[in-house]
Amino acid sequence: SFPQAIRNAYALGQEAEALEPIVRVDGSGKAVGRISGGDSVVFYDVRGEREIQLTESLTEDTFARFPVNKDLRLNFVTLIEYARSLKVRVAFPPQEKLRNTLAEVLGRAAYPVIKISESEKAIHVGYFLNGRNEDLFPGEERVSVPSPQADSYAEVPEMAAGQVARELSDRLQRSTGGLIIVNLANVDVIGHIEDKNAVVRAVRCVDRVLGEIVEAVRREKATLLVTSDHGTVEEWLYPDGTVNTGHTANPVPFILADFSEGNPAPVRLKKNGELADVAPTILELLEIPKPSE
């Protein structure tokens, strides 16, 4: 059964985040249940990351990243809209387009935005942070540093954090003003893997790199905000003693360090904020009017 196949994979040491492909076969080893021409397919995942490439492999006539049957003529439905370019039907299309996200408001104010991430999280810093919007807003630039190639990021828990920090330092030196958004992916990505040594290396790496970022911002007399959208590794075990490889709902820090010249106006942060407070806080610091959203 499929549940037993999952258990067998766990017994072999495979992680939930990186299971090897599982194919059901009959007694002769022939695959059972392969998608055939004219079939109906419902892709029920709700993210919109790797689902895009997987959908393309089954629906695009020009797909060429690996060999595929290009004559399937599938009735292909995705649960939500993964990308407007996909030739599929959508079971639950967006009811409305999110308006006045941070990048859109800054673009309208002619305020440049640079987003720096490694490729593993580029879609989060670009597409998701813009409210699931594929378009770049005026003045928006996205910089994607290639993530290392490895069978598992547990082998390279430092990932590309150092290169991301260097890219930030370079952009700060060349910058004439604007907002730079930087993502350090390590603790989130490695936190989903049950490998304590790799997790510790990831945390140490982020700690070191964040120190480099602080110094770069200090040198350029800029203002630094540090926060996260969730916790991950600070809660290592579930109550039953098993390892917690998921996100946590614990409060996260929100740190404001103003290194600008002169005497910056004192800023008071409320004690119990939430993720939705980050964008309006940035707009207030930049003295840009906040939309009603």
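User: How many of the residues of the protein count as buried?

Analyst: Buried means under 20% relative accessible area, exposed means over 50%, and partly exposed lies in between, using a 1.4 Å probe and protein chains only. Here, 33% of the 293 residues count as buried. Keep in mind that this is a predicted model, where local features need pLDDT of at least 70 and side-chain atom pairs count only at pLDDT 80 or more, while totals for chains, interfaces and linings use all residues. Residues are numbered from 1 along each chain as its sequence is written, and side-chain values use heavy atoms, leaving out hydrogens and water.

User: Which helices and strands make up the secondary structure, and how many are there?

Analyst: Both are DSSP runs numbered from the N terminus: helices are H or I with at least four residues, strands are E with at least two. This protein has eight helices and eight strands. Its C-alpha trace spans about 75 × 45 × 35 Å along the principal axes.

User: What is a salt bridge, and how many does the structure hold?

Analyst: It is a side-chain nitrogen of Lys or Arg within 4 Å of a carboxyl oxygen of Asp or Glu. The structure holds 18 of them. In one, Arg-142 pairs with Glu-140, with the closest N and O atoms 2.8 Å apart. Arg-142 is partly exposed at 31% relative accessible area, whereas Glu-140 is buried at 8%.

User: Where in the chain do Glu-158 and Arg-201 lie?

Analyst: Let's start with the pair itself: their side chains meet in a salt bridge at 3.0 Å, N to O. This pair links distant parts of the chain, since Glu-158 sits in the loop between β5 (140–145) and α5 (161–174) and Arg-201 in helix α7 (residues 196–219), 43 residues apart. Glu-158 is partly exposed at 25% relative accessibility, and Arg-201 is partly exposed at 31%.

User: How many residues apart are Glu-167 and Arg-171?

Analyst: They are four residues apart in helix α5, about one turn of the helix. Arg-171 is buried, with a relative accessible area of 14%. Elsewhere, salt bridges that share partners join Arg-84, Lys-97 and Asp-135 into one network.

User: Is Gly-241 buried, exposed or partly exposed?

Analyst: Gly-241 is partly exposed, with a relative accessible area of 42%. You can find this glycine in the loop between β7 (223–226) and β8 (255–258).
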